[in-house]
Amino acid sequence: MAAVELILYTGPHCSLCKKAEELLYNQGISAFARVDVTSSLELKKNYGLKIPVLCRTDLQQALYWPFDEQQLISYLQQPAD
């Protein structure tokens with residue numbers, strides 16, 4: 001797979017976000033941006049109750065929690081839009 005930028009939308013003290021990070025690390029992925037949804041009213045509105053949310057910058061769709069390792073792998077292997 002070609003290198004893509006990943007953004008993990010998170011929140012403060014989010015235990016589910018830590019689990020999502022662990023899934024990424026388990027796939028050997030450590031290069032991703034963490035964005036706290038409380039840093040912006042628009043982000044909080046779009047993702048606040050849905051975090052963690054993983055986004056690839058080359059795809060129009062996001063991967064919403066809950067997701068497991070297989071769903072993560074499938075998402076990461078999708079062809080770019």
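## Starting point: the β1–β3 pair

Y9 stands opposite V53 in β3. The two strands involved, β1 (residues 6–10) and β3 (residues 53–56), run antiparallel and share four bridges. Strands here are DSSP E runs of at least two residues, helices are H or I runs of at least four, and both are numbered from the N terminus; two strands pair if DSSP finds at least two bridges between them.

A quick note on the model: it's predicted, with local features needing pLDDT of at least 70 and side-chain atom pairs pLDDT 80 or more, while totals for chains, interfaces and linings use all residues. Residues count from 1 along each chain as its sequence is written, and side-chain values use heavy atoms, with hydrogens and water left out.

## The sheet

Zooming out, we get an open sheet of four strands in the order β2-β1-β3-β4, with mixed pairing. β2 (33–36) and β4 (62–64) sit at the edges, each pairing on one side only. From one strand to the next, the twist averages 20° (axes are lines fitted to C-alpha atoms, for helices over the stretch in contact, and angles run from 0 to 180 degrees between N-to-C directions).

## Helices on the sheet

Helix α1 (residues 15–26) packs on the sheet and touches β1, β2 and β3, where contact means heavy atoms within 4.5 Å. Its direction makes about 160° with that of β1. Helix α3 (residues 69–77) also packs on the sheet, touching β1, β3 and β4, and its direction makes about 20° with that of β3.

## A closer look at α3

L72, Y75 and L76 of α3 are buried, meaning under 20% relative accessible area (1.4 Å probe, protein chains only). Down the axis of α3, the buried residues fall within an arc of 95°, so they line one face of the helix; the arc is taken from the directions from the helix axis to the C-beta atoms. Their cover includes β1, α1, β3 and β4.

Methods
Buried means under 20% relative accessible area, exposed over 50%, partly exposed in between (1.4 Å probe, protein chains only).
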